[in-house]
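Please keep the sequence and the structure in view while reading.

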Amino acid sequence: MKEQIEKLFKENDLSDDALLSLIQTDECDEILAEKADDVRRKIYGDEVYLRGLIEFTNYCKNDCYYCGIRRSNKCAERYRMSFDDIIATCDKGYSLGFRTFVLQGGEDPYFTDDKICEIVSNIRSKYPDCAITLSIGEKSKESYKAYFDAGANRYLLRHETATDGHYRRLHPEEMSLTNRKECLFNLKEIGYQVGAGFMVGSPYQTPENIVADLRFLQMLEPDMIGMGPFIAQGQTPFAEFKSGTLELTLRLISILRLLFPYALIPATTALGTIHPKGREMGIKAGANVLMPNLTPSDERKKYLLYDNKICMDDDAAMCKNCLETRISSIGYKIVNSVGNVKRERI
């Protein structure tokens with residue numbers, strides 16, 4: 001297995017069988033993490049980039065079986081942030097040093113293209129030195145182009161699984177993996193920095209599904225790859241399913257870093273939820289992005305994609321200071337930077 005890791009380190013690829021073996025063994029996790037850290041440091045040094053997350057609506061027209069804000073969850077306390085509140089949250093984030101804002105929400109029909117464009121153009125006008133990321137789901141190519149023209153320059157859209165049979169077990173019939181993939185390629189064609197990704201340990205996931213995810217990501221070549229453990233939410237059909245494991249998530253972060261040396265890879269909040277030092281461990285395994293939550297606490301408590309989410313009551317300034325201390329303690333540093341992808345190959 002050590003020989004396979006060395007090959008992955010040097011060539012940024014392996015055969016399907018070799019990837020499958022690597023995914024399923026825990027014998028070489030330490031070596032994997034060391035190699036991943038070496039690759040990341042050669043491109044990004046010891047810098048960790050922050051993205052300020054603004055969860056501006058928890059209304060969603062979709063009914064994904066794993067998601068706590070699915071439309072069928074009658075227990076969800078719904079909210080929408082106002083235009084003024086969104087801008088005020090950006091103001092606070094900017095004063096704290098954030099230079100990337102991530103506007104995330106369910107697929108909420110209330111936020112029409114005109115409303116999204118108005119929000120984006122105002123942020124762009126006020127903070128021309130910032131990156132504006134949208135994470136609002138599947139839209140038409142025309143809608144994506146309108147947001148881009150208004151000033152958005154990044155878009156996050158996890159594909160969740162690249163295998164149609166697995167996708168069907170996670171989503172209702174009206175949703176389509178073909179459309180999800182088409183959206184991602186449309187975003188790239190328009191010119192966005194694109195993020196994709198998947199859940200680790202999602203219901204019915206197999207190691208072969210994960211290999212298919214990695215192959216799809218190689219086709220897409222996204223700038224950012226978001227990947228965290230599945231965590232069940234109590235008001236969903238998957239409420240009784242076990243969470244994805246820390247060990248497999250960290251292993252896959254390292255594999256991703258070796259497959260995609262240039263990628264921006266977050267140590268997710270979900271990773272911090274399943275282990276008190278999960279985010280630090282994710283950074284050490286090859287991640288280089290953190291996404292602290294800027295959402296006002298009253299709304300933040302209602303954006304429950306999964307149960308037991310951390311940092312629900314933390315003030316944004318307190319959260320940033322905490323992360324700076326924690327990341328410094330493991331030998332890395334948080335930087336106040338837009339943090340663009342670096343496409344160099346090694």
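Helices (H or I, at least four residues) and strands (E, at least two) are DSSP runs, numbered from the N terminus. The contact, meaning heavy atoms within 4.5 Å, is made by Ile-210, Leu-214, Leu-217 and Gln-218 of α9 with Leu-248, Leu-252, Ile-255, Leu-256 and Leu-259 of α10.

The model is predicted: local features need pLDDT of at least 70, side-chain atom pairs count only at pLDDT 80 or more, and totals for chains, interfaces and linings use all residues. Residues are numbered from 1 along each chain as its sequence is written, and side-chain values use heavy atoms, with hydrogens and water left out.

Two packed helices are described by the angle between their axes and the distance between the axes. Axes are lines fitted to C-alpha atoms, for helices over the stretch in contact, and angles run from 0 to 180 degrees between N-to-C directions. The axes of α9 and α10 come within 12 Å and cross at roughly 30°. The two helices are therefore roughly parallel, a term for angles under 35 degrees. On α9 there is also packing with α8 (residues 177-190), at an angle of about 30° and with the axes 11 Å apart.

Attention now turns to the aromatic rings. Rings of Phe, Tyr and Trp (its six-membered ring) pair if their centres lie within 6.5 Å; planes under 30 degrees apart count as stacked, over 60 as edge-to-face and the rest as tilted. The structure holds 14 such pairs. In one of them, the ring centres of Tyr-204 and Phe-241 are 5.5 Å apart and the planes stand at 70°, so the pair is edge-to-face. Tyr-204 lies in the loop between β6 (193-200) and α9 (207-220), and Phe-241 in the loop between β7 (224-229) and α10 (246-259), so that distant parts of the chain, 37 residues apart, are linked. Phe-241 also pairs edge-to-face with Phe-238, at 5.1 Å and 70°. Together, ring pairs link Tyr-65, Tyr-204, Phe-238 and Phe-241 into a cluster.

Key. Angles under 35 degrees count as roughly parallel, over 145 as roughly antiparallel, 65 to 115 as roughly perpendicular and the rest as oblique.
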